[in-house]
Amino acid sequence: MVKPAPKPAATHRVRGVCPHDCPDTCALTVTVSDGRVLKVAGAADHAPTAGVLCTKVAFYPERIYHPDRLLHPLRRVGPKGPGARFERISWEEALTSIAERLRRIAAESSAESIVPYSYAGNSGLLGYGSMDRRFFHRLGAAQLDRTICASAGAMGYRATIGASIGFDPENVVDARLILLWGTNSIVSNLHFWRLVQEAKRRGARLIAIDPCRTASVDKCDQHIALLPGTDSALALGMMHVLIRDDLLDHDYILHHTLGFEALRERALAYPPERVAAICGLHTAEVENLAHAYGTIRPTAIRTNYGINRTAGGGMALRTVSCLPALTGAWRDPAGGVLLSTSGNYPVNEAALERPDLMPKPAPRTINMSRIGHDLLHAQPPIKALFVYNSNPVAVAPQAGEVVRGIARDDLFTVVHDLFQTDTADYADLLLPATSHMEQLDIHKSYGHLHLQVNQPAIAPLGEALPNTELFRRLARRMGFSEACFTDSDDDLCRQAFDWDDPRLAGLSWEKLKADGHARLNLPRGAAPFAQGGFPTPSGKCEFSSDMLARAGLDPLPDFIAPREWRQSALAARFPLALITPPARNFLNTSFANSPRFLAQEKSPSVLIHPVDAATRGITDDHTVRIFNERGEFHARAVISDRVRPGVVMATSIWWRKLSPDGRNCNEVTSQELTDMGGGATFYDCLVEIASRDEGPGGAATSPA
Ligand SMILES: Nc1nc2c(c(=O)[nH]1)N[C@H]1C(S)=C(S)[C@@H](COP(=O)(O)OP(=O)(O)OC[C@H]3O[C@@H](n4cnc5c(=O)[nH]c(N)nc54)[C@H](O)[C@@H]3O)O[C@H]1N2
Ligand SMILES: Nc1nc2c(c(=O)[nH]1)N[C@H]1C(S)=C(S)[C@@H](COP(=O)(O)OP(=O)(O)OC[C@H]3O[C@@H](n4cnc5c(=O)[nH]c(N)nc54)[C@H](O)[C@@H]3O)O[C@H]1N2
Ligand SMILES: [Mo]
């Protein structure tokens, strides 16, 4: 079913799409010669990309032709784990042994003992979730709750706004005040940063709210360096001042919001002095921020998922997203808040994923953020793990447990990837995946409003297969006879969207395929909620949420402190709050096996404030141990006032086997979940740091 790539001419150009898990979803112009990708450039005719690429993707041929690309199916010979050795087998053998093993597990235990594990390593709609979902639904495998990134924030935002919809990013150039709230745009949303720079040239003031002085913060007018996990307190403090000083849009509140009186009462419990103490700020910072927010027009809040990784991560997005309805900022096209644009797309998930194929009652659900725990303790036990689009041994929290779980001798593990990742070292069968340049796909975005088609530029390398074709073939092996298992990739693209939706007016799969990309049919320069019309149950911006009340949660915004700080005994032993945001040259773990980008990032490092370094006898550029009760990893200390005292920062996500000590920062992160959405709490993590030569320092024990 894999379409052969077009016959190579001398040199030709193909329209591609960057498939990585990034808001920018860039349009690519891929230059191909003799069946080989020569060059990748940003498409000039795609407004959000505007001919510009990040460094990672500009060097994409190095990823495609990396000498370590997996080209054939492999079977492990010898023990699981780092250094695992594999031998080449045929696809025939691989598919037969997977089908046999899955059938046996389903018969002897239950299909629920089989767990698919995937995330957004490929974010195309086909690559992310289509034939694979159909396969596991039909098999009756456990469902996977995909919580590792955004589920908390998405739920908190949805409770307030109704869907992942915010201001149109293109409009931000006209904002006069932009709050970059927990997002390092230069690193993780470069094309939005371009628009912010244009706004700045036109006179906008930029304020960053971030515990670290990041590269983006350097370019802002002001930095509010709050403590991690205190964003909802800051937002409530701003509300307090807005209410106290009557900087409200009463008309907007009256017509387009729900629950103002209750919110008002809540916010009055958060005077700036209290908030400053919680956030580790000066009272004047809270007051001035609120005054700027309440008086400057238009005002845009760009937030992202950086603030949804502590215990109160859902509440953080919920609370921050209440602000624009209080001041009427939504009235301006360049005002409001933006978490993600993904809720604008009429994706037909039911058609792509076919949940109707699942047996009834529906199989159990495994939360991907607790995979370590569940591999060790779930009942009934997990007997098979099928990993694709993800690298859980490196990216999931509390890696020590993940490793112990996936190392189980009785666990059958299949990994489908482009590379032999840390997770692949534990595979019984390791299968080669194509890159996006070797397959067809269709894309939405979470950082702009365009749809795009990714055309294959070259033939699959070696015997690599796209996710769709892998599961198509496996379905045949399993004897699944439903017609949907024979859908081609072209069929899947056609099924991916509800083309009759007004937001796709004038578009069809054929037209999109011919044109390459199109903007959703949403008015340009418009404000989505200028006249209210929120996609919530009440149609209003919900300061008070019945949905949350029904889920047993507080219906009102509030501050939920980071879980680990609430435990004073723990905080005494592990006094430093560790955050581990993405490195500029890596995309999660992708590109983190590239010699070029490893050289740029040098080695795993941890930023520590001079005061914290001095009290621990830590010297710059020396290796330190970062540890807590869960584990330990090593990094190079970078003494810097970019972090505040009490906060340390290590960029992520390094491959364990490419790190000097064979571990990474997820050794110390926790599997506890967020208040909403069952999300991971990567940045709710207390640690201690000691110089490595000091021996078994501090109160910590050595890692398991
Ligand atoms: N280059 C690159 N780009 C990426 C990624 C990558 O790995 N590399 N990852 C992609 C993915 S999967 C995602 S989800 C997005 C993430 O995109 P973002 O959520 O925007 O992530 P970051 O750019 O790290 O910005 C998070 C910022 O939040 C700060 N921060 C941490 N904790 C808190 C807090 O409690 N409060 C506040 N106010 N700030 C806090 C961090 O210091 C960091 O500067 O980026 C995507 N883009
Ligand atoms: N400590 C800490 N941990 C974190 C984070 C953090 O900030 N700090 N961020 C978290 C976040 S936001 C996220 S989203 C997760 C990301 O975690 P992952 O989704 O695991 O990360 P990626 O590196 O994006 O992709 C995983 C793998 O997918 C493979 N892949 C790419 N395309 C395809 C394909 O078409 N088919 C198949 N089969 N495989 C493919 C890539 O080669 C890569 O090995 O990590 C989380 N972990
Ligand atoms: Mo993410």
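Predicted model: local features only at pLDDT ≥ 70, side-chain atom pairs only at ≥ 80, totals over all residues.

Residues are numbered from 1 along each chain as its sequence is written, chains are lettered from A and ligands numbered from 1 in the order in which they are written, and side-chain values use heavy atoms, with hydrogens and water left out.

Reader: Which residue has a polar backbone atom 2.7 Å from an oxygen atom of ligand 1?

Author: A polar contact is a pair of N or O atoms within 3.5 Å. An oxygen atom of ligand 1 is 3.0 Å from a polar backbone atom of Tyr305. At 2.7 Å from an oxygen atom of the ligand is a polar backbone atom of Gly306.

Reader: How much of the accessible area of ligand 1 does the protein cover?

Author: Accessible areas come from the Shrake-Rupley method with a 1.4 Å probe. On its own, ligand 1 has 900 Å² of such area, and the share that the protein covers is 98%.

Reader: Why is strand β9 largely enclosed by the rest of the structure?

Author: Buried means under 20% relative accessible area (1.4 Å probe, protein chains only). Strand β9, a DSSP run (E, at least two residues), spans residues 205-209. It is largely enclosed because the number of its five residues that are buried is four.

Reader: Which residue of β9 is the bridge partner of Ile178?

Author: Strands pair if DSSP finds at least two bridges between them. Strand β8 (residues 177-181) and β9 pair in the parallel sense over five bridges. In β9, the partner of Ile178 is Leu206.

Conventions. Polar contact = N/O pair within 3.5 Å; in protein donor to acceptor, adjacent residues only side chain to side chain. Buried < 20%, exposed > 50% of the residue type's maximum accessible area, 1.4 Å probe, protein only.
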